[in-house]
Amino acid sequence: MGLRENLKMKKIWLIIILLIPVQFMAGQDLLFRVIEDAPAWNYPHSSTKTRENARIVIGKDEIVRGRMIRSVKDTIDGREYLMSVIMYNNREYEMQSDKLVPAETNSFFDDSWITTEGEYWIQAGYLDVLGSRNRDTFYNVERDYIDSYNILKNANMYILEEWYEVTNVSTCFEINQINLLAGGFVMRAFWITNIININSGYKVTVFDLSFGQIYSRGNSYFYNPIPFPDDRRSYDLLLIRDNDYIEMYLDTPENHLATFVKVNKDVVDMLNTLLRTNTCDLSGITSLPRRADGSGYSFPTSRTIEETPPLLNTDDTAAEASQTDEPIQGGKKSQSLPLQALLAIIGGAVMLAGGVAVFVVKRRK
């Protein structure tokens, strides 16, 4: 096989691998209770899901074991749902996550907390990016992701697009009674094992099935902007809501992790326009997040671009990486990324879903 044919075959295999989720299973028993009679499908289920082609119906109050969280939503009868893979009667099934609650919990989320279709919570820092009217200020929020993508682009002949051409902004926070997803360009998913009602919010015990895998933030392969712990699998997150704002803390109010703001779709659309074109028109955005006391975010009245750290000199870092066979991060040598992690960033994003690594190929809108 000639060089041209060999490169062609490698490219074909690269595309195939990008489209196949790498799945991980864990032996931990996570018990959940079915809140109403619910359809379930054999896992994996390759055809389109309808309630009529469900394999079984699992009855109300039955106890199932959590196996995997499906970060990428699935369609049932034309509507999208978050899905979980569960074990029931020694067989694996898929079912809607919103049909389950933790088997042992002190309380449940109020309905106003459950993320609904068309609801968008984004990183508060994204509003500063939009107000700057300069896509380079995404670097203030997504530094790890952007640096890593630029290194890979300059070291790999198959990556032709810039990071802002393959990345999309969508919701950065999503929650139901058993799952919590949070992040930025990259989302991370957790099982919820306990919910405690506290003043203005909840204390949530989460369980991270991806802990210890090569994709975790602790070994630099998982580019989620939120500094989740890398030394333990289970911990408490405090979620405090103030109207259109949610503050996330680790264990105590002294350990702030992230701020999310609720926005309309026009804000998300304009963020994606800024990504693609480095221009935006804010005149059509009339509703911005507000706290209960009326305070909140406002765009600067004139174009003011915050000074951002310089993006990596990717030509130099790529050259150095090719000489040392080690990727360079922030101007320093780091661990070599494994193939799966390289493919994840080439594809646009990786979503670690409580034990499921889903490689997402981002497409231009």
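Tutor: A residue is called buried when its relative accessible area is under 20%, exposed when that area is over 50%, and partly exposed in between (1.4 Å probe, protein chains only). By this criterion, buried residues make up 50% of the 365 residues in the protein. The model is predicted, so local features need pLDDT of at least 70 and side-chain atom pairs count only at pLDDT 80 or more, while totals for chains, interfaces and linings use all residues. Residues are numbered from 1 along each chain as its sequence is written, and side-chain values use heavy atoms, with hydrogens and water left out.

Helices (H or I, at least four residues) and strands (E, at least two) are DSSP runs numbered from the N terminus; the protein has seven helices and 20 strands. The expected span of a helix is 1.5 Å times one less than its number of residues. For the 13 residues of H5 this gives 18 Å, which agrees with the 18 Å between its end C-alpha atoms. Just after H5, Asn278 takes a positive phi of about 60°.

The buried residues of H5 are Val267, Val268, Met270, Leu271, Asn272, Leu274 and Leu275. They pack against strand S9 (120–123), helix H2 (125–132), helix H4 (163–166) and strand S16, where contact means heavy atoms within 4.5 Å.

A nonpolar core is a set of buried Ala, Val, Leu, Ile, Met, Phe, Trp, Tyr and Cys residues joined through side-chain atoms within 4.5 Å. The largest such core has 61 residues, of which Ile122, Phe138, Phe173, Leu180 and Met248 touch the most other members. In soluble globular proteins, nonpolar side chains tend to be buried together.

Ile122 connects several of these elements: leaving aside residues up to four places away in sequence, its contacts include Val267, Val268 and Leu271, as well as Leu127 and Thr259. Thr259 is found in strand S16 (residues 256–263) and is buried, because its relative accessible area is 16%.
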